[in-house]
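Here is a short report for someone meeting this structure for the first time. Keep the model open while reading.

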Amino acid sequence: MIKEKKWLVKSSDSILGPYEFDTVVENIFNGEVHLLDEIKGPLERWRPIKDHSLFAAAIEKLKATTYQQREETMTGTLDLGTKTQELTRTQTVSVGQADSDSESGGDDSLGRPQPSLPEYPGDRTQRGGFLPQERGLPLSRKKSRFSSTFFISFLVLVIGGASYLVLEFKQKRMIEQKISAYDQLTDVALDALKVGEYQKALQNFTTASNISPTDPNLLLEMSPLSIQFDGQFDQAQVSLEKLVATTRHKSVKKMAQNIIGLSFAYRQRYAEALVSYDSALQSDDQFLPARLNKAQVLMKLKKYDEAVALMRQVVSEHPDEAVAHYFYVRSLSEQGLNQNNEKVLKEALSVTDQYAQKFSDFRQEVLFLVAVINAQLGGPAENITVMVNNFLRVDFELTRLHVHDTLIDFQSFNWVDYYPLCKKLNSKLTEYSQKMLDGFCLLKVGRTLDAKKIFENLLSQKNDDGVLQALYASTLLKLNDVSQAKNALGFVDQVDQKQPMVETILRGCLIASDLNCAQAIFRGKHAKRISLLYSHWGNSELMYEKDRGSSQRSVHLGLGISPNFAPLLKLRRNF
């Protein structure tokens with residue numbers, strides 16, 4: 001494990017690695033990495049190298065080596081200094097004796113010794129103007145020069161040390177700032193992911209990647225977003241393939257291979273996507289995102305039997321996963337519709353019996369498939385009309401108001417594949433219902449202005465249809481025209497099927513943070529028309545400032561109905 005290239009180092013203004021353990025130790029010894037630099041392994045937090053237990057032995061060895069070098073240097077200096085002093089003393093004594101012998105004046109005529117006179121360096125015959133104590137002057141000057149040199153050296157050391165400390169402080173401060181910025185960006189991004197704010201998450205992950213471009217955990221979080229929301233297919237694939245080639249962690253490898261599969265699927269390279277998903281499942285055959293994505297690709301490759309068998313197994317193992325049930329219904333529906341297999345279509349209907357009561361996620365999609373299957377089986381026109389009305393009554397944005405795992409291919413939530421199925425229903429409907437269904441399907445595939453024209457034409461003929469009013473309000477909200485959408489509240493009393501209309505306008509008011517509008521709906525007589533999930537959503541928003549306890553209870557109850565409902569997950573962060 002230690003030999004694996006898994007260590008990231010934050011040093012100066014960059015994040016280096018991944019390195020092997022021995023490489024980090026070597027860099028510590030050669031000075032490229034400091035003990036105050038921070039290090040991080042997989043699934044670890046950043047911490048100073050000096051505090052990491054795995055590097056304790058290396059650090060102790062480094063300290064011991066450093067102290068030994070210092071001791072040898074100091075000992076050598078003392079030995080050299082001692083020898084120098086002894087040599088100086090010896091030379092001084094010798095010179096003093098020589099001077100005494102050469103400068104002695106001898107005895108006078110009475111036998112008394114003559115005093116010797118100081119000698120000028122240049123001319124032994126020139127004397128005078130020289131004090132006796134000046135013989136010691138050269139020694140005193142030498143001592144003065146030594147003191148000045150010592151003082152200057154000491155000053156240089158102090159200034160140099162202070163400069164080093166300032167530089168070290170600045171570098172440490174810079175590293176701390178980058179670590180803080182990186183942690184803050186990734187925390188914001190991860191928090192955004194939890195509540196379905198995918199664009200916000202991508203933006204923060206992208207900024208964080210400029211600080212730490214080689215962090216594998218960041219790459220795994222950011223890549224599915226850059227593929228699904230920014231179209232960065234090739235760039236993500238290249239980075240992930242490098243990660244797969246260098247990592248030994250199965251958890252990292254399976255996630256990377258699954259995301260590589262997403263990059264292929266978004267480019268309609270389904271055979272290559274299937275290979276990638278199978279590679280991910282070789283690392284972990286229970287990895288749910290890869291199993292769901294594989295089922296989608298199998299459907300694209302028209303391998304319906306394999307897709308159905310896979311999803312049947314997944315649902316049995318994950319009975320509470322709405323997305324698993326949705327994929328199961330979809331695989332059965334596509335197999336039955338494409339093979340005109342009545343037995344499979346009936347099995348699909350049996351699977352959907354309890355779906356709408358159990359799940360909010362994908363409720364509209366499942367009810368749509370129920371209507372299509374019944375039309376394919378030749379159901380009576382009046383029954384088909386009721387079934388169409390059932391999925392049109394569901395709030396247009398309900399599925400998108402739920403949080404979904406970004407490791408799952410979001411194309412499965414796209415109605416482009418369903419658009420041709422709208423035609424299968426038209427033959428069973430009246431002209432009015434056909435046009436309303438056409439507008440709905442156009443709105444689902446993003447042709448908002450075309451849908452708006454259809455709805456406005458229908459409203460000129462009949463304006464008391466609550467479902468039509470709800471679809472028109474959804475169109476206005478898509479165009480960010482909240483004020484016009486709210487105008488429909490003025491004639492709620494005049495329409496039938498009030499619930500879809502009231503819920504759609506409530507959703508628009510809450511998302512726009514127009515609490516006065518939401519309050520008007522809750523205080524009015526139509527509050528009882530609101531579903532339990534939307535009622536908890538509205539109450540939690542309205543009571544947040546007035547009564548936090550009541551707001552928190554509504555959040556809890558609402559998430560009990562639909563655990564992935566994004567608006568309530570956002571509010572829960574505040575408690």
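Predicted model: local features only at pLDDT ≥ 70, side-chain atom pairs only at ≥ 80, totals over all residues.

In it, helix α6 meets helix α7 through Phe233, Gln237, Leu240, Glu241, Leu243 and Val244 on the α6 side. The α7 side supplies Val252, Lys253, Ala256, Gln257, Ile259, Ile260, Ser263 and Phe264. By class, this contact of α6 with α7 has nine nonpolar, three polar and two charged residues.

Now the geometry. Helix α6 covers residues 233-246 and helix α7 covers residues 250-265. Their axes lie 9 Å apart, at an angle of about 155°. Angles over 145 degrees count as roughly antiparallel, so α6 is roughly antiparallel to α7. The crossing of α6 past α7 is left-handed.

A second pair joins α11 (residues 322-339) and α12 (residues 342-352). The angle of about 160° makes α11 roughly antiparallel to α12. Here too the crossing is left-handed. From α11 come Tyr328, Val329, Leu332, Ser333, Gln335, Gly336 and Leu337. From α12 come Val344, Leu345, Glu347, Ala348, Val351 and Thr352. The residues of this contact divide into eight nonpolar, four polar and one charged.

The two pairs are listed here.

| Helix pair | Angle | Axis separation |
|---|---|---|
| α6 and α7 | about 155° | 9 Å |
| α11 and α12 | about 160° | 8 Å |

Next, the strands. Four of them form an open sheet, in the order β2-β1-β3-β4, with antiparallel pairing. The edges are β2 (14-19) and β4 (47-48). Each has a single partner strand, so one side of each is left without a neighbour in the sheet. Strand β1 (residues 7-11) pairs with strand β3 (residues 38-40) over three bridges, in the antiparallel sense. Within this pairing, Val9 has Ile39 of β3 as its bridge partner. Helix α1 (residues 21-29) packs on the sheet and touches β1, β2 and β3. The direction of α1 makes about 135° with that of β2.

Finally, the charged pairs. The structure holds 19 salt bridges. One of them links Arg573 to Asp191, with the closest N and O atoms 2.9 Å apart. Which parts of the chain does the pair of Arg573 and Asp191 tie together? Arg573 lies in the segment after α25 (566-572), while Asp191 belongs to helix α3 (residues 137-194). The pair therefore ties together parts that are 382 residues apart in sequence.

Terms used. Residues numbered from 1 in each chain as written. Heavy atoms only, no water. Axes fitted to C-alpha atoms, helices over the stretch in contact; angles between N-to-C directions. Helix = DSSP H or I, 4+ residues; strand = E, 2+ residues; numbered from the N terminus. Parallel < 35°, antiparallel > 145°, perpendicular 65-115°, else oblique. Left-handed = near helix turned anticlockwise from the far one by under 90°. Contact = heavy atoms within 4.5 Å. Nonpolar A, V, L, I, M, F, W, Y, C, P; charged D, E, K, R; others polar. Pairing = 2+ DSSP bridges. Salt bridge = Lys/Arg side-chain N within 4 Å of Asp/Glu carboxyl O.
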